[in-house]
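These are my notebook entries on one structure. I set down what I looked up, topic by topic.

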Amino acid sequence: MDIQEWEQLHTDAFYDVKRALPYLEGMFVAYNSNIDAIKHLTKEDLSRFIGFFNEAEIQARVETYPREVKEPLDFMARLLISMREGKAAEIPTYTSDTHVWLKEHLGFDYARMGGQAGIISNLLTQIGLKKVVAYIPWLSEEQADYFVDSDNLLHPKVEDGKVVLKPPRQAFKPGLESKVNWIFEYSKELEITCGGNKFKVPRDNRLIISSRPKWIRLDMDREIYEHLDSLFPIDGAMLSGYQMIKERYEDGTTYKDYVSHSVNAIEKLKALNPELRIHVELTSIQNRVIRKAILTEIVAKNVHSLGLDTVEVANALNVLGHEELSYSVIRKEETGITSLYQGAVQLLKDLSLERVHVHCLGFYICVLSKDHPLTLKEHRDALLFSSTLASTKALKGKIENLEDVAAGLEVPVSSKGIEDLENFKVYCVGKKLCTPEDFEHGYLYGPDHDAVLVPTKVVDKPTVTVGIGDTISAGAFAAMLAKMKQTQVEE
Ligand code: 8BR
């Protein structure tokens with residue numbers, strides 16, 4: 001299909017999914033949200049910043065490649081590494097000292113909702129789902145302000161031993177501190193001189209210092225767990241934030257406690273509605289023990305759908321014992337897309353999933369189990385709908401309602417994405433996964449799975465890049481569920 005046809009399919013899919021969304025009763029979204037403090041770094045900021053340190057000490061710290069920010073010098077070192085390579089990075093900090101220091105020495109340009117569950121809740125609310133139930137175990141008063149103020153967004157609150165659903169601004173826990181992440185964005189071509197070294201930033205990217213206060217637990221309040229039925233009716237759950245689980249806590253609990261609580265919550269949700277679909281949104285998880293536990297104990301067998309990007313596919317394959325495939329996904333050579341597809345199929349099988357949605361710049365791959373209830377055309381519509389949402393987000397920085405998304409429809413489909421997919425055609429036809437005609441439609445039929453491949457809309461000069469992955473996964477998952485509900489009702 002040529003680019004014009006893909007444009008038309010995007011438009012048709014958008015209006016089709018828009019008609020299906022009202023069939024959804026509700027979506028549960030947990031666990032993580034935070035406040036993102038954003039600073040776009042200028043040349044002046046950087047030289048002022050480097051000036052706070054001894055340049056030889058910065059270089060020495062760069063050599064040690066700190067994996068955690070314990071003091072400001074660790075941050076400085078990782079910022080330089082990220083900028084030198086133009087590579088996004090996310091590093092944890094467990095103390096609030098870093099936050100205080102950054103606020104005093106650098107400050108931020110603006111703040112916004114951060115964290116996958118926070119972003120997804122707001123998005124689903126704004127695209128008009130009937131009911132979104134967000135659950136953030138550490139909802140502070142300040143954090144609650146970053147949730148959209150709208151009747152269709154609710155949060156459980158324990159009142160007189162009962163669980164009631166209230167707008168987040170009436171459901172926060174008084175006295176809690178807020179979790180504030182810092183996002184340092186930098187632009188291509190920025191010149192850096194430090195400790196006698198000089199380099200130019202190769203591409204726009206970002207470094208995130210993610211705050212992990214010691215008291216935070218990825219868990220569900222007992223009363224809410226006991227009364228999960230109060231959240232219903234819901235058709236789906238989008239769960240994320242598991243990367244925040246630590247191996248050990250000072251109070252003697254370990255990751256095993258939180259993994260098993262999470263599984264219990266999933267089991268209970270499914271028991272309350274056996275038709276309910278559960279999606280887990282992955283992000284980079286540095287700790288391999290945690291990464292493996294999340295995949296093999298929470299995701300495998302308990303969950304239906306997984307959303308992730310290329311790097312996360314490689315990371316997941318790596319801990320599941322597929323090192324070679326993992327390296328060929330990450331190397332991104334010409335055969336990169338073939339490895340990515342094989343990797344997604346491997347994840348579908350290893351984790352007994354119904355759906356694996358991989359988003360890349362310019363195309364998405366969605367691998368499906370054979371028994372999935374929708375047609376490949378309906379899955380394709382769900383992906384195209386999310387591509388339009390993503391382009392709106394990249395273009396405008398936000399999506400306030402479905403009318404805003406008209407702007408996204410004007411964004412052109414990526415010709416590079418079409419070209420990347422075209423390079424994959426020979427493999428697919430050769431392996432008898434499809435006929436050349438099926439491939440044109442984006443449909444593959446494997447021996448034990450199906451798949452949909454679509455080129456997507458890409459904004460040339462995006463306003464933001466943070467949160468687009470979550471927007472893609474949430475948009476596609478909600479669209480898919482809506483189509484499932486619509487089909488059930490109309491049958
Ligand atoms: P992660 O943050 O999870 O990596 O997801 C980012 C996703 O955003 C990419 O996979 C890509 O699909 C999408 N994206 C990016 Br990055 N820049 C974009 C742009 N300019 N236009 C549309 N989508 C974009």
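**Entry 1**

I began with a term: two strands count as paired if DSSP finds at least two bridges between them. The model I examined is predicted.

Strand 8 (residues 180–186) and strand 11 (residues 205–211) run antiparallel and are joined by five bridges. I picked out Glu 185, whose bridge partner in strand 11 is Arg 206.

I turned to a second open sheet, which has eleven strands in the order 7-6-5-1-12-13-14-15-16-18-17. Its pairing is mixed. At its edges I found strand 7 and strand 17 (443–445). Each of these has a single partner strand, so one side of each is left without a neighbour in the sheet. The twist here averages 20° from one strand to the next.

I followed two of the pairs. Strand 16 (residues 363–369) and strand 18 (residues 449–455) pair in the antiparallel sense over seven bridges. In this pair, Tyr 364 stands opposite Val 454 in strand 18. Strand 6 (residues 153–159) and strand 7 (residues 162–166) are also antiparallel, with five bridges. There I noted Pro 156 opposite Leu 165 in strand 7.

**Entry 1. Hairpins**

How many residues lie between strand 6 and strand 7 in their hairpin? I counted two, and Asp 160 in the turn has a positive phi of about 50°.

I looked up another hairpin, formed by strand 9 and strand 10, which also has two residues between the strands. Gly 195 takes a positive phi near 55° in this hairpin. Strand 9 (residues 191–194) and strand 10 (residues 197–200) run antiparallel and are joined by four bridges. Thr 193 stands opposite Lys 198 in strand 10.

**Entry 2. Backbone details**

I searched next for cis peptide bonds. One of them runs from Ala 30 to Tyr 31, with omega near 10°. Tyr 31 lies in strand 1 (residues 27–31), and strand 1 belongs to the order of the eleven-stranded sheet. Another cis peptide bond joins Phe 232 and Pro 233, with omega about 5°. Pro 233 sits in the loop between helix 8 (222–226) and strand 12 (236–240).

I also looked at Lys 301, which has a positive phi of about 70° although it is not a glycine. I located Lys 301 in the loop between helix 10 (288–299) and strand 14 (305–309).

**Entry 3. The ligand**

Which residues are the closest to the ligand? I listed Asp 309, His 359, Cys 360, Val 459 and Ile 468, from the 14 residues that surround the ligand. By class, the shell divides into nine nonpolar, two polar and three charged residues. Helix 18 (residues 468–490) gives the most to this shell, with three residues.

An N or O atom in the side chain of His 359 is 2.9 Å from an oxygen atom of the ligand. A polar backbone atom of Cys 360 is 2.8 Å from an oxygen atom of the ligand. For Val 459, a backbone N or O atom lies 2.8 Å from a nitrogen atom of the ligand. Finally, I recorded how much of the ligand is covered: taken alone it exposes 520 Å², and the protein buries 82% of that.

Terms used. Residues are numbered from 1 along each chain as its sequence is written. This is a predicted model: local features need pLDDT of at least 70, side-chain atom pairs count only at pLDDT 80 or more; totals for chains, interfaces and linings use all residues. Side-chain values use heavy atoms; hydrogens and water are left out. A residue is near a molecule or strand if one of its heavy atoms lies within 4 Å of it. A polar contact is a pair of N or O atoms within 3.5 Å; within protein, one must be able to donate a hydrogen and the other to accept it, and residues adjacent in sequence count only if both atoms are side-chain atoms. Accessible areas come from the Shrake-Rupley method with a 1.4 Å probe; for residues, only the protein chains shown count as cover. Ala, Val, Leu, Ile, Met, Phe, Trp, Tyr, Cys and Pro count as nonpolar, Asp, Glu, Lys and Arg as charged, and the others, Gly among them, as polar. Axes are lines fitted to C-alpha atoms, for helices over the stretch in contact, and angles run from 0 to 180 degrees between N-to-C directions.
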